[in-house]
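Trainee: I am new to this structure and would like to learn how to read its features one by one. Could you take me through them slowly?

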Amino acid sequence: MDFFKSQESLSAMGWILRSIVGFVFLLIAAKMMGQRSISQLRFLDFIIALTLGNIIAHPLSDEHLGLKGSMITTISLVLLYLAAIWLSLKVPLLKQFFDPPAITLIQNGKLDYRNLSKAKLAIEFLYAELRKSNVEDITKVAFAAWEPGGTLSVFVNTDYQPVTPADLKLTTEPFNLTKPIITDGHMEHALLREIGKDHVWLETEIQPVLVKNVILATVDSKLTVQVHVVR
């Protein structure tokens, strides 16, 4: 465990072990913080990601720094992060600070220059974001807002929205979701339990192909299995 402490020099194995411990520790810390911290970087998420990256990076590159202090600091920051998230759910003022509301940029085809300045966005950037939503003209936008996560939500006027079967009062087939049930020769047993089937049923469905030869097999809501095999 010498690699854990400050050293004058580390062997190659010491560096490898320190890297493995640091990597596993960061995985555990990220798991503790939850999906939110990696799905979108809001204000609080950005601060914690930036801080944790610096804390762990230094002892992984400097043998004179031990891992113990960095790990204690990281645990403290993770606990502070979780506490801040919990408090933001309970205290409206903190929620406003950590998760500010979306900033309205376009309303009924009109640009709000004051809010655009508040969001610190250039008009060129706004147009670039609109193009990502396949909108080329601001006058077509019913509502657009800059979200705290750094994305633009765009809703076009109903006149420019695609016609749907519901608009035409057409009867459609129910939604049919397809999921992978075999990947690289391995069955997804959790999915089999979910659909109320077992491995015998699946092996029967893919005959004459063997499970080990299946690159991908999918099953839909109607229990129809499609198979892709190694060629």
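Mentor: Let us begin with Met71, which counts as buried because its relative accessibility is 15%, where buried means under 20% relative accessible area, exposed over 50% and partly exposed in between, with a 1.4 Å probe and protein chains only. This is a predicted model, in which local features need pLDDT of at least 70 and side-chain atom pairs count only at pLDDT 80 or more, while totals for chains, interfaces and linings use all residues. Residues are numbered from 1 along each chain as its sequence is written, and side-chain values use heavy atoms, with hydrogens and water left out.

Trainee: In which helix does Met71 lie?

Mentor: Met71 lies in helix α4 (residues 67-90); helices (H or I, at least four residues) and strands (E, at least two) are DSSP runs, numbered from the N terminus. Met71 and Ile55 are 16 residues apart in sequence, and their C-alpha atoms are 8.4 Å apart in space.

Trainee: How many strands form the open sheet, and in what order?

Mentor: Two strands pair if DSSP finds at least two bridges between them. Here four strands form an open sheet with antiparallel pairing, in the order β2-β1-β3-β4, and its edge strands, β2 (110-111) and β4, each pair on one side only. Between β3 and β4 there are five bridges, again in the antiparallel sense, and Phe143 stands opposite Phe155 in β4.

Trainee: How should I read a pair of aromatic rings?

Mentor: Such a pair is described by the distance of the centres and the angle of the planes. Rings of Phe, Tyr and Trp (its six-membered ring) pair if their centres lie within 6.5 Å, and planes under 30 degrees apart count as stacked, over 60 as edge-to-face and the rest as tilted. The structure holds two aromatic pairs. Phe125 and Trp146 form an edge-to-face pair, because their ring centres are 5.8 Å apart and their planes stand at 75 degrees. Since Phe125 lies in helix α7 (residues 123-132) and Trp146 in strand β3 (residues 141-146), this pair ties together parts that are 21 residues apart in sequence.

Trainee: Are Phe125 and Trp146 buried or partly exposed?

Mentor: Phe125 counts as partly exposed at 35% relative accessibility, whereas Trp146 is buried, with a relative accessible area of 15%.

Trainee: What is the geometry of the pair that Phe143 and Phe155 form?

Mentor: Phe143 and Phe155 form a tilted pair, with 6.4 Å from centre to centre and 35 degrees between the planes. Phe143 lies in strand β3 and Phe155 in strand β4 (residues 152-156), so the pair ties together parts that are twelve residues apart in sequence.
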